[in-house]
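Open the model in your viewer and keep the sequence panel beside it. The tour below says what to select at each stop and what is there.

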Amino acid sequence: MADLHLSVDRTAGGVTAQIAGELRAAVRQGRLAPGARLPASRDLARDLGVSRGVVVEAYERLVAEGFLISRVGAGTRVAPAAVARGPAQDTMPPHAYHGVRATTPDLTEFPRERWLAALRHALSTMTSDAFDYSDPGGVPPLRRELAAYLGRVRAADIAPTDLIVVGGVAQGLAITIRLLAGESPGSRVRLAVEDPTAARQVPLLTSSGADLVHVPVDDEGIDVEALARTRARAVLVTPAHQYPTGVVLSPGRRAELMAWAAETGALVLEDDYDAEFRFDRDPVGCLQGLDPGRVALCGSVSKPLAPGLRLGWVVAPRGFSERVRQARADLDLGSPVIEQYALAHLLASGEYDRHLRRMRREYRRRRDAFVAAVAAHLPEFRVRGVAAGLHVYVELPDGIAEVRVADAARDAGIIAEPVAPMRGRPGGVGAVVAGFARLPPHRADPAVRALAAAL
């Protein structure tokens, strides 16, 4: 355990910030090495002559910023890859946010102990044959558990054999689009996408064989009348929480969309984006449950757990699902089996549900703090899409450039992206997408205040 020399002025106020600042500086200057164990909060509080709660809050700040890690039974330690050394500050350094999507979950909240227990369970119960090449569609226990989970939580209509385990939504979309485009060289498929849409997925869609047609999104979701004029063979939608606007596809539009699919024979690609994190609205079932024969449902554990797991699924219409399974076999023979058995155990044991409930409460606290801070310090900004998800859509007043706001936000410790690159057509109200998942409640007000001062 590391001995610490901290200079704290108890008469100056802001003792929590002083302790956090001293520890942060010690990490950056190398006085606290990666992996070094810090004193228990009770012991450090006694040494400094402060309450234990003050030390606990200081530790929590640095855990949220990525300087420290804290695990039950293992104490609090300096993170293995602590933030680069430099002048002490009370936010994560700006460079840490560049290139990070505004919808990234707080990876410090990954349930390490639960995942480790699930891995141990998998390794202790898997037969020797289970370590061989598995069914390219996924191991049977995971397909069963996911089918039951999606039926229970998302009102999906799924047979386990129609669910294909893939390496995330991106791979699931790529495989599906390649199948729609056809196997002849240079064949393409006309795919409608929402406007605005995630700019990062455009290269993946086009390289997979899609010619994109952008369809406007309004306060009810995708404009189905405009969609009908595109002559698209498929459409990609995010109905539970549209990215980036945060709009939920209205009941009327859901009915129109499914009627369009039935009339044209087109396939609806449903990215079940942000469906797990809803705060101020009733649950909305997936489109797949309305018409399993015309919808391919794609989802993953990237937001509930972590993107790095690369575990997702495609629920395809019967008949088409076997083509997806075969394409997965031709591509890479399937996903890693140990992780699949571990996820199956998390689902079967209820640990996955418990983790989601905890994170839903925590992300709601962070959202509330962030939205309140924007209302207090940037009242001319209009915040939309707050009922669900890990981001909000912030419309800007005239005369303020999106890039300027996004850069200033990152400098203040807020992950933000300009919306203009996400639009298929020029124009529209200036806006940025701002993520709150990595911003603890106590950091929201100072971060937004710093953004307002910069602007």
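Select Arg-46. At 56% relative accessibility, Arg-46 counts as exposed, where exposed means over 50% relative accessible area, buried under 20%, and partly exposed in between (1.4 Å probe, protein chains only). Side chains of opposite charge can pair when their charged atoms come close. Asp-43 and Arg-46 are three residues apart in helix α2 (residues 41-48), so about one helical turn separates them. Helices (H or I, at least four residues) and strands (E, at least two) are DSSP runs, numbered from the N terminus.

A note on what you are looking at: this is a predicted model, in which local features need pLDDT of at least 70 and side-chain atom pairs count only at pLDDT 80 or more, while totals for chains, interfaces and linings use all residues. Residues are numbered from 1 along each chain as its sequence is written, and side-chain values use heavy atoms, with hydrogens and water left out.

Go to helix α10 (residues 320-332) and select Glu-322 and Arg-325, which lie three residues apart, about one turn of the helix. Their closest N and O atoms are 3.1 Å apart, in a salt bridge. Glu-322 is partly exposed, at 42% relative accessibility.

Next, select Arg-384 and Glu-395, a salt bridge with its closest N and O atoms 2.8 Å apart. This pair links distant parts of the chain: Arg-384 is in strand β11 (residues 382-384) and Glu-395 in strand β12 (residues 391-395), eleven residues apart. Are these two residues buried or exposed? Arg-384 is buried, with a relative accessible area of 16%, and Glu-395 is buried too, at 13% relative accessibility.

Then select Asp-106, Glu-109, Arg-358, Glu-362, Arg-365 and Arg-366 together; a network of salt bridges links them. A search of the whole structure finds 27 salt bridges.

**The sheet**

Show the strands as a cartoon and look for the open sheet of eight strands, in the order β3-β10-β9-β8-β7-β4-β5-β6, with mixed pairing. Which strands stand at the edges? They are β3 (163-166) and β6 (221-222), each with a single partner strand, so one side of each is left without a neighbour in the sheet. Two strands pair if DSSP finds at least two bridges between them.

Asp-218 has Gly-221 in β6 as its bridge partner.

Move to strand β7 (residues 234-237). Ala-234 and Leu-236 point one way, Val-235 and Val-237 the other way, and all are buried. In a regular strand the side chains alternate between the two faces of the sheet. Strand β4 (residues 189-195) pairs with β7 in the parallel sense over three bridges, and Val-235 is the bridge partner of Ala-192. The pairing of β7 with β8 is parallel as well, over four bridges; here Ala-234 stands opposite Leu-267.

Follow the chain into the loop between β8 (267-271) and β9 (295-300), and select Asp-272. Asp-272 is buried, at 9% relative accessibility. Beyond its neighbours within four places in sequence, Asp-272 is in contact (heavy atoms within 4.5 Å) with Arg-154, Ala-240, Cys-286, Leu-297 and Cys-298.

**Helix α13**

Select helix α13 (residues 402-411), where the buried residues are Glu-402, Val-405, Ala-406, Ala-408, Ala-409 and Arg-410. They pack against β13 (415-418), β14 (431-435) and α14 (441-454). After α13 comes Gly-413, whose phi is positive, near 95°.

**The whole chain**

Zoom out and colour by domain: domain 1 (1-93), domain 2 (112-349) and domain 3 (360-454), with bounds from an automatic or database domain assignment. The C-alpha centres of domain 1 and domain 2 lie 41 Å apart. The secondary structure comes to 14 helices and 14 strands. Buried residues make up 54% of the 455 residues.

Note on methods: Salt bridge = Lys/Arg side-chain N within 4 Å of Asp/Glu carboxyl O.
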